[in-house]
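Hi,

Here is the structure I said I would pass on. Have a look at it first, and then read my notes below.

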Amino acid sequence: MDPDRAVADDVESNAPAPAQGIVPFESRPVSCSQGGEAKEAFFQMMNEWFTYSTTSTPPNPQSIPVAPQGLEPLRLNKPPIDRIRKYGAEEFRATIDNDPERAEFWLENTIHIYDKLSCTPAECLKCAILLLRDTAYQWWNMLVHAVATERVTWEFFQTEFRNQRFLNQKHKEFLELKQGRMTVTEYEREFVWLSKYAREFVSTEEIMCKRFVNNMNEDIKLLVEILELKEFVALVDRACKAEELSQEKRKAERKKDR
């Protein structure tokens, strides 16, 4: 056999298997005189391997479990009621005789927990409704049937909750509050506390200042009203000083009468 031809045959035999679309080995002319029986057997073996590799079906890859479509959005939309319970959120039951302060405390505590967990307004609303029980839930259920759906928001819930009958007494107390025999400091403390139950009447700091002044005793009111202060802290400070002047004036008048 020609040595050069043997080397060429050896290179050809080590070539990679043909890709799909390339003419298979059996279509090539093979001469027994050039390769002999060994070469013919080799090409036959390669042809069988090629036929198997291009016609056999590859095994199915191991299937990976896939979550059903729509499962994740449902999970994301589910209110985090279990989490807020772990942080101390409590159910709220209301009756006619309920203490208004307890209702306000429940709402403030619930808002505090929402802030800790960075709840969205939608989650806040859903969880608050889930925490209502008995009369409180009946109140909400009746309310939402009487208003448009787009109005039912977390802000709407807070406003309506504070305006319900279990808060009406404190609301009334704020509207009727006057300084009377209280000192300015005592009056300011009561005013701020009760204003939480009637926030629609103190919607801005300026309005809050006007209402505070209007219900003060006349001797102090005359000294403060002319200043037209619009900052509540500054107003209370001036009112305290006016109260001191008024007290000193009364003391001086009593001395003259003796």
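**The last helix and what it packs on**

Helix H13 covers residues 232-257; its 26 residues reach 37 Å from the first C-alpha to the last, close to the 38 Å expected at 1.5 Å a residue. Bear in mind as you read that this is a predicted model.

The buried residues of H13 are Phe232, Leu235, Val236, Ala239, Ala242, Glu243 and Ser246. An α-helix has 3.6 residues a turn, so residues three or four places apart point the same way. And what do the buried residues of H13 pack against? Three helices: H10 (184-195), H11 (205-214) and H12 (218-225).

**Aromatic pairs**

I searched the whole structure for ring pairs, and the search gives 17 aromatic pairs. Take Trp106 and Phe161: their ring centres are 5.3 Å apart with 40° between the planes, which makes the pair tilted. Trp106 sits in helix H5 (residues 100-117) and Phe161 in helix H8 (residues 154-162), so this pair ties together parts that are 55 residues apart in sequence. Both Trp106 and Phe161 are buried.

Another one to look at is Phe191 with Phe212. Their ring centres are 5.2 Å apart and the planes are at 85°, so this pair is edge-to-face. Phe191 belongs to helix H10 and Phe212 to helix H11, so the pair ties together parts that are 21 residues apart in sequence. Phe191 is buried at a relative accessible area of 1%, and Phe212 counts as buried too, at 0%.

There is also a cluster linked by ring pairs: Phe92, Trp106, Tyr114, Trp139, Trp140, Trp154, Phe156, Phe157 and Phe161 are in it.

**Cysteines**

How many disulfides does the count come to? The count is 0. For Cys124, the closest cysteine sulfur is that of Cys119, and at 5.1 Å it is too far for a bond; the cut-off for a disulfide is 2.5 Å between the sulfur atoms. Cys127 is in no disulfide either, with the nearest cysteine sulfur, again that of Cys119, 5.9 Å away. Cys124 counts as buried at 5% relative accessibility, and Cys127 counts as buried at 0%.

**Two backbone spots to check**

For Ser118, phi is near 55°. Ser118 lies in the loop between H5 and helix H6 (121-131), and is exposed, with a relative accessible area of 60%.

The other is Glu228, where phi is about 50° and positive although the residue is not a glycine. Glu228 is found in the loop between H12 and H13. At 64% relative accessibility, Glu228 counts as exposed.

**The chain as a whole**

In secondary structure, the chain comes to 13 helices and 2 strands. Of its 258 residues, 31% count as buried. Among contacts in the chain with a separation of 6 or more, 64% are accounted for by residues 24 or more positions apart. The accessible surface of the chain is about 18000 Å², and 54% of that belongs to carbon and sulfur atoms.

Cheers

Notes. Residues are numbered from 1 along each chain as its sequence is written. This is a predicted model: local features need pLDDT of at least 70, side-chain atom pairs count only at pLDDT 80 or more; totals for chains, interfaces and linings use all residues. Side-chain values use heavy atoms; hydrogens and water are left out. Helices (H or I, at least four residues) and strands (E, at least two) are DSSP runs, numbered from the N terminus. The expected span of a helix is 1.5 Å times one less than its number of residues. Buried means under 20% relative accessible area, exposed over 50%, partly exposed in between (1.4 Å probe, protein chains only). Contact means heavy atoms within 4.5 Å. Rings of Phe, Tyr and Trp (its six-membered ring) pair if their centres lie within 6.5 Å; planes under 30 degrees apart count as stacked, over 60 as edge-to-face and the rest as tilted. Accessible areas come from the Shrake-Rupley method with a 1.4 Å probe; for residues, only the protein chains shown count as cover.
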